[in-house]
Amino acid sequence: MGDPGSIGPEITVKALGNPSIYEKIRPLVIGDAWVMEEALKITGREDLAIHPVDSVEKCRFKPGIIDVFDLKIVDRGELLRAEVTKISGEAAFRYVEKVIRLARDGEVDATVTNALNKEALNLAGHHYSGHTEIYAHMTGTKSYTMLLVHENLRVVHVSTHVSLRQACDLVKKPRVLEVIRIADQACRQMGIQKPKIGVAGLNPHSGENGLFGKEEIEEIIPAITEARDEGILAEGPVPPDSLFPKARGGWYDIVVAMYHDQGHIPLKVAGFVYDREHGKWETVSGVNITLGLPIIRTSVDHGTAFDQAGKGTASEASLLNAIEYAALLAGHQ
């Protein structure tokens with residue numbers, strides 16, 4: 001469900017209000033049932049019904065009925081919609097904790113997360129930089145990376161939630177090679193038999209043969225060379241300003257970005273479209289997938305959007321994308 005004060009409950013209602021979803025998956029929402037009931041009113045979908053459960057076995061999995069594993073964390077008087085609060089951070093963490101346990105125990109085949117607020121999470125005493133780190137900690141995963149997807153543009157990252165200065169220091173051959181291998185495996189899991197991988201440079205013009213930095217020569221090229229020796233079709237380092245247009249056009253099946261913004265900005269430019277004339281987001285699409293985990297985790301590729309919470313206008317497009325990829329990775333499509 002995500003942060004209870006966010007757009008998460010609303011877009012969940014919008015997504016699961018589509019009967020065709022039930023032809024692909026059997027959805028179960030983890031959260032607070034009363035918050036989901038409020039979301040029905042906010043979105044004008046009071047034709048739907050919330051079915052609170054305390055076990056997977058009690059779910060109905062029928063169109064028109066949204067099964068909610070009711071954790072009863074937030075009282076009605078505690079919820080401050082569209083605000084950063086300790087109780088919302090605690091609730092969001094507990095929802096994620098529960099869904100991970102369900103997946104670890106084999107009670108669900110895949111997990112899909114709505115957004116949480118990192119400040120609220122930390123206010124509640126859970127000192128993680130986001131979902132990915134919670135999943136990694138709870139599953140004992142050491143080697144993982146973030147994959148972003150919008151249509152045919154796929155991006156994995158050498159580093160994500162660290163400072164830019166630290167991100168440069170993390171561009172080392174072992175990590176770059178590890179992410180190239182994960183990228184190759186992920187594409188194959190999605191049905192791409194011989195994935196072509198474009199590896200970004202770190203510095204302007206990929207260092208211009210050492211003129212603007214040595215990382216390409218000392219770290220990235222050796223990683224690419226070793227990956228190619230293993231039979232992986234990796235190319236680079238390619239300057240990002242030409243790499244991403246090539247990838248969008250189908251030249252590459254996946255891109256290895258060196259740090260968070262290098263990968264996020266081009267993908268969100270493609271997937272997030274703002275309609276200035278009408279003052280609203282026309283499209284907010286894209287999927288965030290954590291690779292390397294022993295369980296499947298996909299997510300919306302946007303934040304809590306507190307500015308839209310409670311209005312019923314937020315787009316469910318990214319959540320629908322995330323559900324589709326979870327089904328794909330679980331082998332249900």
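Which residues are buried in helix 5? They are His 131, Thr 132, Glu 133, Ile 134, Tyr 135, Ala 136, Met 138 and Thr 139, where buried means under 20% relative accessible area, exposed over 50% and partly exposed in between (1.4 Å probe, protein chains only). Helices (H or I, at least four residues) and strands (E, at least two) are DSSP runs, numbered from the N terminus.

The model is predicted: local features need pLDDT of at least 70, side-chain atom pairs count only at pLDDT 80 or more, and totals for chains, interfaces and linings use all residues. Residues are numbered from 1 along each chain as its sequence is written, and side-chain values use heavy atoms, with hydrogens and water left out.

**Helix 5 and its surroundings**

Eight of the nine residues of helix 5 are buried, so this helix is largely enclosed by the rest of the structure. Its buried residues pack against helix 3, strand 4 (111-113), helix 4, strand 5, strand 12 (287-291) and strand 13 (297-300), with contact meaning heavy atoms within 4.5 Å. Just after helix 5, Gly 140 takes a positive phi of about 65 degrees.

Tyr 135, one of the buried residues of helix 5, also has a charge over its ring: the charged end of Arg 297 sits 5.6 Å from the ring centre. The term requires NZ of Lys or CZ of Arg within 6 Å of the ring centre and within 35 degrees of the ring normal. Arg 26 is placed likewise over the ring of Phe 61, with its charged end 5.4 Å from the centre.

**Aromatic pairs**

The whole structure contains two aromatic pairs. Rings of Phe, Tyr and Trp (its six-membered ring) pair if their centres lie within 6.5 Å; planes under 30 degrees apart count as stacked, over 60 as edge-to-face and the rest as tilted. Phe 93 and Tyr 128 form a stacked pair, at 6.1 Å centre to centre with 20 degrees between the planes. Phe 93 lies in helix 3 (residues 86-104) and Tyr 128 in the loop between helix 4 (118-123) and helix 5 (131-139), so the pair ties together parts that are 35 residues apart in sequence. Phe 93 is buried, at 7% relative accessible area.

**Salt bridges and cysteines**

There are 15 salt bridges in the structure, each a side-chain nitrogen of Lys or Arg within 4 Å of a carboxyl oxygen of Asp or Glu.

| Pair | N to O distance |
|---|---|
| Lys 24 and Glu 324 | 4.0 Å |
| Glu 38 and Lys 41 | 3.4 Å |
| Arg 248 and Glu 151 | 3.7 Å |

Lys 24 is partly exposed at 36%, and Glu 324 is partly exposed at 31%.

Glu 38 and Lys 41 both lie in helix 2 (residues 33-43), three residues apart, about one turn of the helix. Glu 38 counts as partly exposed, with 21% relative accessibility.

Arg 248 in helix 9 (residues 240-248) and Glu 151 in the loop between strand 5 (145-150) and strand 6 (153-157) link distant parts of the chain, 97 residues apart. Arg 248 is partly exposed at 38%, whereas Glu 151 is exposed at 55%. Elsewhere, salt bridges that share partners join Lys 173, Arg 181, Glu 226 and Glu 230 into one network.

With a disulfide defined as a pair of cysteine sulfur atoms within 2.5 Å, the count is zero. Cys 59 is buried at 11% relative accessible area, and Cys 187 is buried at 0%.
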